Every structure is written in C-alpha cells, then in structure tokens.
Amino acid sequence: METIIIAAVARNNVIGKNNKLPWHYKEDFQHFKRLTLNHVVVMGRKTFESIGKPLPNRVNLVVSRNKELQIPGCVVVGSLQETKEYAEAKVNAEKLFIIGGSSLFNEGLAVADAMELTLVHKDVEGDVYFPKWNVEEWEEKSREDRGEVSFVRFERMKTKTNAIVILYTDDNRILMQDRRNIKKWGEEWGFWGGGVEHGETKEVAAIREIKEELDYDLKEFQYIGQVIGVAKRFKLPHEQWHIVTEVFVTKISDDISQFIVNEGLAAQFFTIDEIKNIILTPDIDLKILKLFEEFVDIN
Ligand SMILES: NC(=O)c1ccc[n+]([C@@H]2O[C@H](COP(=O)([O-])OP(=O)(O)OC[C@H]3O[C@@H](n4cnc5c(N)ncnc54)[C@H](OP(=O)(O)O)[C@@H]3O)[C@@H](O)[C@H]2O)c1
C-alpha cells in the first residue's frame, strides 16, 4: 500500500485558518478529488469537522483520541498506525491518503512514500502550518504549473547505508576495486565494501564485506566518518538513492597487498592524485577520498 500525503501549502507554509482552508481554488478541489477518489483518506478530527461530512466514494478514516467518538459514514481510529493497519487489513487499500491537518502531516512525513503538494505561490495569513520537511529526502517527480498554484509530486528518496574500508599502504597508496566489468554498478573503480544489512552494526558490515570481497580478515581498522551522497542506479537511472556511507580505514602491509594482487583480484593500487583521474561514482567516492585526505593529513 502506498501512503501519500496530500496538502495545499502556501509559500509561508500556512495550510489553514480558523479551522478552514484560507483559499478556494477550484482546480485544487478537482485535483484532490481526482487523486483520492475510490481510495482511503485519513484526517484529523478537526479537519473532519472543517469538511463537515464524509468525502463521497472514499473510505473515510478519522483520527481522534476520543474513544467514544462515532461519526456516521466514517471509521474513527486512535492513531495513524492504526489507520495503516485498518487500510491494509480491512480494506485491502492500494493507496492511503493523509489529508491533514498539521499533526497528521507531521506524523505522516516519517512514513509516507509520496507527497502530492499543491503549492500556493503566495504568503497567506493563517494559524495552522505544514510541518518542516527535509527537501534532501524527497525527489520532485512531476510538476504542473496552473497559474497561482502548482501541483507537485514528491517521492521519498530511497536510502541505503554502506560500510566501506579504505585499504592503504604506508606511502598512502589505496587499493581500489576494478569494477569495469561489473555491469551491476556500471561504474569504473570503487572502494571496497557494501551494504549494511538489517540488524548489523557498521563495524560488523565492514568486516563481513572485506571478508566476502577480499577474503581478508579485517582486525585493526579505524572509523573516520560518514559521507552522504546521491547515486543513480545503473539499471534504473531514473531512480535516485540517498547513500549514507560509513568510512573505515586500515593500513595493509606489503605482504598482504602483494597477496591480493597475486590472487588475481580485480584490484590495483593508486595514489590519491591518481584516483582523481580515474572514473568513480562522482558524488560519493570523491567525498570519501576527501575524508581520507583529511585523515592522512591529521596523522
Ligand atoms: N491546506 C491543506 O491541505 C489542509 C488539509 C487539511 C486540513 N487543513 C486545515 O488544517 C486545519 C485543521 O488541522 P489541525 O492540524 O488543526 O487539526 P487536525 O490534524 O485535523 O485534527 C487534530 C485532531 O486530530 C486528532 N489527532 C491528531 N493526531 C492524532 C494522533 N496521533 N492520535 C490520535 N488522534 C490524533 C486529535 O483529535 P481529538 O482532539 O478528537 O483527540 C486532534 O485534536 C483546518 O484549518 C483545515 O482547514 C488544511
């Protein structure tokens, strides 16, 4: 089930005044109706009172802490979580629209997959606001400008956490992975490591990844920081991912480095300057390299 926030928001984030909408845009009502019709809508008790009746041809859920509350034509639930359970189990809903107000939008921001926002291009006086949200976590997918308003769809960027280990020698040469034949990534060179799996710490993931990729037991290693960047997936280039990379370093002796090379692993040593001239995932790997440069500078 897709959970979608749908809201009309002024430039100064106002969404309501005196328990009413502070504007009347016919095209926004039509847009709202077109998107929500035949789906499930969930609203706070005050928003229901503001609308005054159940929205036709939709399953109407109203959230309230008042256990006695009964509203004809609506199902009253105690929390947003309960709403999701109800929509999934009882209605088998395909889409659940969170239609307001402010506190439901606030809770919804943590769980929604998408937001359908009607941006009202002016400041408006009011007493209820759309909560602050982190633009970096959301990707604009479509936009339709309609004079005083724009209809914009945002989707939550998918997030992945990676643990990578920089293996370097006494003279700061870094062992890089040759990915030029690994079409899954579609990049050229990369650092060693991979995804932190559910329930794993970043340290455990780093040890496991290096064992899997290099058959090397990582014993002494140091955490040097985190890098956040955006990457496109090679097979789905339209899909952007928020990648959080936890970066570790470990110094490797010449013996071990020779072993790695002798084993025929797709790997090669580069100096920091050389790495700047090979092809990497630009946003993320260059930030990782910068972190390493700072680290060797400090030491
Ligand atoms: N521009 C837009 O897109 C938009 C959309 C919707 C609404 N609005 C505007 O927003 C205003 C109303 O919104 P609002 O933020 O004041 O109120 P609201 O969120 O609609 O309703 C608040 C009430 O919902 C219940 N509630 C909220 N969170 C809950 C939770 N986690 N668990 C249990 N119950 C919960 C509580 O009801 P009880 O007090 O009964 O316990 C709470 O008092 C109006 O002005 C309306 O026109 C604008």
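Predicted model: local features only at pLDDT ≥ 70, side-chain atom pairs only at ≥ 80, totals over all residues.
Residues are numbered from 1 along each chain as its sequence is written. Local features need pLDDT of at least 70 and side-chain atom pairs count only at pLDDT 80 or more, while totals for chains, interfaces and linings use all residues.

**Exercise 1.** State how the chain is divided into domains.

*Solution.* Domain 1 covers 2–156 and domain 2 covers 158–298; these bounds come from an automatic or database domain assignment. The C-alpha centres of domain 1 and domain 2 lie 42 Å apart.

**Exercise 2.** Describe the residues around the ligand.

*Solution.* Step one: 28 residues are around the ligand, and Gly16, Gly44, Thr47, Gly100 and Gly101 come nearest (a residue is near a molecule if its C-beta atom, placed from the backbone, lies within 6 Å of it). Step two: two or more residues of this shell come from each of β1 (2–10), β2 (14–16), β3 (40–44), α2 (45–51) and α4 (102–111). Helices (H or I, at least four residues) and strands (E, at least two) are DSSP runs, numbered from the N terminus. Step three: by class, the shell has 10 nonpolar, 13 polar and five charged residues. Ala, Val, Leu, Ile, Met, Phe, Trp, Tyr, Cys and Pro count as nonpolar, Asp, Glu, Lys and Arg as charged, and the others, Gly among them, as polar.

**Exercise 3.** Find the residues that touch the most other members of the largest nonpolar core.

*Solution.* A nonpolar core is a set of buried Ala, Val, Leu, Ile, Met, Phe, Trp, Tyr and Cys residues joined through C-beta atoms within 7 Å. The largest has 35 residues, and Ile5, Ala7, Val40, Val42, Phe97 and Ile98 touch the most other members. Strand β1 gives the most to this core, with six residues. Another core, of 29 residues, lies apart from it and includes Trp189 and Trp192.

**Exercise 4.** Classify Glu212 as buried or exposed.

*Solution.* Glu212 is found in helix α5 (residues 202–214). Glu212 has 12 C-beta neighbours inside 10 Å, so Glu212 counts as exposed.

Terms used: Buried ≥ 20, exposed ≤ 12 C-beta atoms within 10 Å, placed from the backbone.
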